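Colleague: I am new to this structure. Could you walk me through it?

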Amino acid sequence: MIINYGEQMKNLIKVSKYSSISLFVGFTTTLLLMLSTQNVLSETYKDEFKPRINQSWWPNQIDLSALKTGDKRLNPYGSDFNYAKEFSKLNLVAVKQDINKLLTTSQPWWPADYGNYGPFFIRMAWHSAGTYRTIDGRGGADGGQQRLDPLASWPDNGNLDKARRLLLPIKLKYGRSLSWGDLMVLAGNVALENMGFQTAGFAGGRTDDWEPELVFWGPEAKWMGSDRRDKKTGELMKPLGAAHMGLIYINPEGPQGKPDPVGSAKDIRETFARMSMNDEETVALIAGGHAFGKMHGAVKGNCNSVEPGAAPIEQQGLGWKNSCGKGNAEDTLTSGLEGAWTQTPVRFSTLYLANLLNNDWEISKSPAGAIIWTSKKLLNAAPDAHVPGKTAPVVMNTGDMALKADPAYNKIATRFLNNPEEFKKVFANAWFKLVHRDMGPRDRYLGNDAPKQIYIWQDPISKPNYKTLSDTEIETLKASIANSGLTVSQMVKTAWAAASSFRASDMRGGVSGARINLLPQKNWEVNEPQELNKNLAVLKAVQDKFNEASLGIKVSLADIIVLAGVVGIEKASLNAGVKVRVPFTSGRGDATQAQTDANSFMYLEPTADAFRNYYSKKSLRPELDMMVDKASQLNLTIPEMTALIGGLRVIGATYANTNLGVLTNKPGALSNDFFVNLLDTAHVWEKSASDNTYVIKDRKTGAIKYTATSVDLIFGSSADLRTISEVYASSDGKLEFIKNFVLAWSKVMDLDRFDLRHDLP
C-alpha cells in the first residue's frame, strides 16, 4: 500500500498564538484605585443553572482547553480568510491621514488632553504590545488581545476602552483589510510622528484573535495582587513579566506601593529584561514615552466604577465610569497619579530627561491620594490639559525616579540628554522592537513601511540563492541519507529536535536556519549534545557531498535535517508494513552564529518535551501541563498530539534512548502498538518504586512487560485522550494512526515556513 499525504498537507499548515506589563508607568492603574469587591475574581459558583466544566468537579484532571482554542469557525470572515491578501488592498497613506485627522478632532464624550489624542494612542499601542514576555513568547500586540477580556479589563488598561472606541470609525471604514492588532500599533506610530518624532517604521501582519488567549498571567485571585515572588530569592515567578496581577510592568508608586526608587529600578530591570529589553532600550522607551502626555488622578480615588468586564450591559463594553465632576477631561481618573512630565506634552523633546536629572524631587500626593514626586523649587510648569491659561508643576512617579537613582540608568539618561540624536535613534529602534517583537521573522511583515535595517531580534536567516530541489535530486539525497549509517531513531530525533523548537506564541524557533547546529541550541540538554553532534556531522557530510557534486544545485543543512526525518518516518512506516510518502518541500535557508542572539535563544530551551519523554527539574509546571503547553506551542490538535507521542514512542525517539513509554516489541516500526498495549485489558498498570514511573504487567503471570511515565499513561486515563487512543488501537485504526502521524509530523516540520503559509502573512 502506498499513501501520499502531500495534497492533504496543503490546508493543514497553520499557526495559532493560543497555547500561552507601562513602565509607561505613568498610566498604570494602582492598587489604591482598584481594590474593590468588583475586582475580586469570583470564588463561588453563583448561577446554579450554568453547566460546570469537568475541572470544577475534578480539579486534578488534565486540562486540554489550550488545544481546543483557535477554532477558525469563530472567525466571522470565514475559515479561508487571508489577511495578507486583504491588507494588500489597503491604502496605508489614507489610513494614516484618517488617524492624523482623528488625533486632533476632540470628541465631547471623551475630550482629548491638550487637544491631541496622541499620548492616549501611544499608551494604547504600548499596552497592546507590552504584555509580551520573552520567556515563553506569550502576549504582545499580535492578535489584538487588548480588545478582549481579561486584558480589556486589566487595571493597567484603565480607560483604554475609550481609545479603542475612538478608533472604531476607522476600523469600521477599513473592515477586514485592517486588523485591530495592526490598527492599535499603527495609531501609536502615527501619534508619535504627529507630535514630532520620526519612528523607524511600521509593519502590518497582526491577525486578529476571536477569543482570549489562555495565558498564565499570575497566581493571584485579585487585581493588583502580588503573590508572585520566590520567598528566598525575591525573584519574580517565571514566566511572568509583571510585578502585580493586571499590570503591564511595575507599580508606578513603587514596589508594593512604597516610594522606593532603588527598589523600583530593580523591578524595572527585571521586568523589561523579560521583554527582551536591555538597559539602554529601557531608558529610551521610558524617556521617549514620557516625553508625551500626562497621568490622570484629578479626583478622588473612589470615583470610578467597575472595569468593562463587570460593567452593566447598557454601558456597551465601556467601563471605569467616572461619577465625579464631568467624568472626563480635567476630572479624569485613570492611574490615580496626576500631572504631566514635561512642559510640551504633545511635542517630542528631551525635557523629560532634563526635568528628571536637573531637579531635586520630593514625595507628594495627587488629588486621588496616589504617590507622586514634585520638584522642590517648582521651577517648571506644564499647561493644563483642558483649562486654557491654567498651569501645573511637572511631576514624576517612583518609576521615573528610578532612572535617576540607579547608577547605570542615570548614566544612560545623562548620555541621552547630552546626545539627543543618539537618544532619538535608540528610542526609534526600541519602539519598533516593542511593537513588533512578538510578530516573529520579517517574512511575516506586510506593507512597505518597515525599516530596511535587519535586527538580530528578528532571528534573520540568509535566503537561499539557489533553485529548489527537483524530485530526482530529492530522491538522490534521500538515498544518501538512508545509506549514511544513521538509524531511524537518530534521523527522527534530529529532525524533531530542530523543528520542535518552534513556538507559535511569537513565531520563533523551528528548523529553518539550522540553528540546532549553532549555540546555544546544539548544547541544550534535551537535544543530547554528544549524540546530536555526531548525527549532524553525518548529515553535513551528505550535504557537502551533494553540493560539491551538483552543478549549481545546492541544499541547505536545514533541508537535509528535515529530509532525514522524512527518510526515518518512511523507513519506520515500511517496517510496520505500510509504504508512505512523507511531504517535503525544499527552500529553507541556514543561519550563521552571527545572525543568532544566543542570549535571546536560551529562552527557547525546553525544560520538558513530552514527545521525547523528557522532563527536567527546571520545569515550571507539572509534566502533563508541560505536555499540553508544548503541543499548544506547536499548534497541534488533540488527535495530532496523541498520534505524535504514540508514534515517536514506538520509533524509539525518546530522550537518552530510554525505554520509558516504548510500548512495543518492535521499536523502529511506526506501528500502533503504543495504543494497543496501553489499552489491552490483559495488562495491568502499577506505580513503580521509581519516581513518577509505572510498570505494565501481564495480568495473569505478573511479568513486567513495559515501563512508562504519567505522560504515557494519561492517554489511557483521561477520557478525552482515551477516546482518541481507542481509535488508533482499533483493528482498522493502524492506517488512520499513520496518516495522522505523517500529517502532524509534516505540519511541525513546516511551522516556520512562512513562505509557504496560506493562513498567515
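Colleague: What is the mean pLDDT of the protein?

Modeller: The model is predicted, so local features need pLDDT of at least 70 and side-chain atom pairs count only at 80 or more, while totals for chains, interfaces and linings use all residues. Residues are numbered from 1 along each chain as its sequence is written, and side-chain values use heavy atoms, leaving out hydrogens and water. The mean pLDDT (the predictor's confidence in each residue, from 0 to 100) is 92, and 93% of residues reach 70 or more.

Colleague: Where does pLDDT stay under 50?

Modeller: That is the case over residues 10-45.

Colleague: Which residues touch the most other members of the largest nonpolar core?

Modeller: They are F121, W431 and L434, in a core of 98 residues. Such a core is a set of buried Ala, Val, Leu, Ile, Met, Phe, Trp, Tyr and Cys residues joined through side-chain atoms within 4.5 Å; buried means under 20% relative accessible area, with a 1.4 Å probe and protein chains only. Helix α8 (residues 180-194) gives the most to this core, with nine residues.

Colleague: Where does R147 lie?

Modeller: R147 is in the loop between α6 (118-129) and α7 (160-174). Its side chain reaches the backbone oxygen of D209 at 2.6 Å.

Note on methods: Buried means under 20% relative accessible area, exposed over 50%, partly exposed in between (1.4 Å probe, protein chains only). Helices (H or I, at least four residues) and strands (E, at least two) are DSSP runs, numbered from the N terminus. Contact means heavy atoms within 4.5 Å. A polar contact is a pair of N or O atoms within 3.5 Å; within protein, one must be able to donate a hydrogen and the other to accept it, and residues adjacent in sequence count only if both atoms are side-chain atoms.
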